[in-house]
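Please read the following note with the structure open beside it. The points are numbered so that each may be checked in turn.

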Amino acid sequence: MKRILYTLFLTIGISSCQNRALKEKAEILYFGGPILTMENTPDQVEVVAVKNGKIIFAGTKSDADRYSEPSTKMINLNGRTLLPGFIDVHGHLTSRAGTMDAVDLSPDPYGTVNSIKDLQIAIRNYIKNNKITDQQPIIGNGYDDAIMAEHRHPTKTELDAISKTNPIIVIHASGHASVANSAMLKLLGITESSKDPEGGHIGRDKKTGKLNGKLEENASFTALLTLTEKMNKGKDTQGHAMENLMKAQNEWLSYGQTTICDGRTMGESITLLQNAAAQNLLKADVVYFPDYEYSKKDLNTFKPKYMKYENHLKLAGFKFSDDGSPQGKTAWLTQPYLVPPEGQSKDYKGFPIFTDETLYDDLKTLFQNHITAQLHVNGDAAIDQAIRVIKRLKDENIYKPELRATLIHVQNSRPDHIQKIKDLGVIPSYFSTHTYLWGDWHYSSVFGPERAAFISPAHSALKAGIIFTIHHDSPVTPPDLITAVYAAVNRKTRSGMILGPNERITPLEALKAITINGAYQLQEENKKGSIKAGKLADFVILDQNPLTINPENLRSIKVLETIKEGNTVYKRD
């Protein structure tokens, strides 16, 4: 009798669940094109049903019929491809907003400044076209000595030739160096007697010992913060800053990203993001990582915000910049640069930002508070330091892999790093676009052939069973994850050379690195990163299927529409 009653109640329960499911109707149905789920099973579906910003069904058309009703919006993809929204795990949203008004000095393929002469012309035209007055400071952004014809940084003298009265500073594409003219150095209070700050260098002419205008790492960061404070003093800049933040957000959306990262938030940028959230201006989810050294005095204020979205804004951890840029030749290496930068000896290896003890103490504080970190490590010496310090903390049972600390860039990785990274339980996030934009430079000037062939070693990580991600580091490049996917798949340099063919991965593996793996890194894999019932309806629609076109053509793919929680937040004209 008990068995009969149990069966009866079970049948009633199942029937009740089925009835509830049958009553659930979709607001939107997507169909009519490839739908790539980024799940292993099924990897593709015919229909996706959405209600209240979430996916309620992903499967076959025949099974989807029960979710449709007369009011359901039917969206025929007409052969276009639907994927989960792309996830930016390391970019700099507020930095891009902050350079929105700067003179664009980007070289090919994103700009036109391919020589120092081009740079001078661009700034002169900016002064003329914008009627810039004498003594008004000018900021340029994005020059790249790796690509420019001279293969060197501009000098103070070359900037003085543009103007001796306007303070001018130009920021390197990497963001890790800048060059100032005489008027700017005077405005910033940098004199011939100025000393190098900790973790930074003030450039000097090798022959004369005089200032050459170049500022590296903390010398550059401090200069730019000082300049910003001087330019904004006495001005109400919040309204304009918010406009630029919205422009930057729209750039990310136009590249298909539904989760945006601000990877080193500092100063007023923290307040700017919080104000944007309070005013409900964030169309995508924004995760931010304040610079720990800058913000650690306020750790207790930050802690309640950790991993909690509020109006699409989430504190996702803290950022450490452990070294500099490989293409800018400030990254910290164990072996010298193939061609040392101007003014450096042949045994130059770059330099660290932190001592082991400083990094240990800071990470210990964070990990004891169960807060994760992103560590910018480009050179192999910086990677060694991060591994060494985190291993010590893991051995002390302070670092736990569930924190998912991330090594950002990991450019000059060595084969022996792979197993160490796996054993630690940290996540490598590769800036794969390096192989395309700067691969030739790494091969011939930065690392040499052997070391250059192992930058961004995604395939080695894959073979070792390591979850890895791929990022764009905007504004170092535009927020362009499709080019990052192209670079990881093809590893073809601008000259057409295949740099490290054994490290190529498939388009599907690269796409997972910017979707489900990105969600995992940000501890959001249960609600993002794949097309599965119960997850957020975050999608991107592409004009071509990245799994079926020739991999050589991946860069030609265009984002047609970006959808956040069922709402279109970008649509291509």
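Are Y30 and F539 buried or exposed? The first point takes up this pair.

1. The model is a predicted one. Y30 and F539 are both buried. Among the 11 aromatic pairs that a search of the whole structure finds, these two residues form an edge-to-face pair, with 5.5 Å from centre to centre and 75 degrees between the planes. The pair links distant parts of the chain: Y30 belongs to strand β1 (residues 28–36) and F539 to strand β21 (residues 539–542), 509 residues apart.

2. A further aromatic pair deserves attention. The ring centres of F431 and W438 lie 6.0 Å apart and their planes stand at 75 degrees, so this pair is edge-to-face; planes over 60 degrees apart count as such. F431 and W438 are both buried.

3. The charged end of R264 sits over the ring of F221, at 4.4 Å from the ring centre. Likewise, R404 places its charged end over the ring of Y520, 3.7 Å from the centre.

4. On the overall form, the protein chain contains 21 helices and 23 strands. Its radius of gyration is 25 Å, close to the 25 Å given by the globule rule for 573 residues, so the chain is as compact as a globular protein of that length. The C-alpha trace spans about 100 × 55 × 50 Å along its principal axes. Of the 573 residues, 56% are buried.

5. Two or more lining residues come from each of the elements α5 (156–160), β11 (200–204), β12 (211–217) and α16 (439–446). By type, the lining divides into eight nonpolar, 12 polar and 13 charged residues.

6. The bond from T41 to P42 is cis, with omega near -10 degrees, and P42 lies in the loop between β1 and β2 (44–51). The bond from S474 to P475 is also cis, with omega near 15 degrees; P475 lies in the loop between β20 (469–470) and α19.

7. Helix α19 (residues 481–490) contains I482. Why does I482 count as buried? Its relative accessibility is 11%, and buried means under 20%. I482 and F31 are 451 residues apart in sequence, and their C-alpha atoms are 23 Å apart in space.

8. Two histidines have a positive phi although neither is a glycine. For H312 the angle is about 75 degrees, and this residue is found in the loop between α11 (299–302) and β15 (313–315). H312 has a relative accessible area of 24%, so this residue is partly exposed. For H409 the angle is about 85 degrees, and H409 has its place in strand β18 (residues 406–409). With a relative accessible area of 2%, H409 is buried.

How values were computed. Residues are numbered from 1 along each chain as its sequence is written. This is a predicted model: local features need pLDDT of at least 70, side-chain atom pairs count only at pLDDT 80 or more; totals for chains, interfaces and linings use all residues. Side-chain values use heavy atoms; hydrogens and water are left out. Helices (H or I, at least four residues) and strands (E, at least two) are DSSP runs, numbered from the N terminus. Ala, Val, Leu, Ile, Met, Phe, Trp, Tyr, Cys and Pro count as nonpolar, Asp, Glu, Lys and Arg as charged, and the others, Gly among them, as polar. Rings of Phe, Tyr and Trp (its six-membered ring) pair if their centres lie within 6.5 Å; planes under 30 degrees apart count as stacked, over 60 as edge-to-face and the rest as tilted. Buried means under 20% relative accessible area, exposed over 50%, partly exposed in between (1.4 Å probe, protein chains only). A charge sits over a ring if NZ of Lys or CZ of Arg is within 6 Å of the ring centre and within 35 degrees of the ring normal. The radius of gyration is taken over C-alpha atoms; the globule rule is 2.2 Å times the number of residues to the power 0.38.
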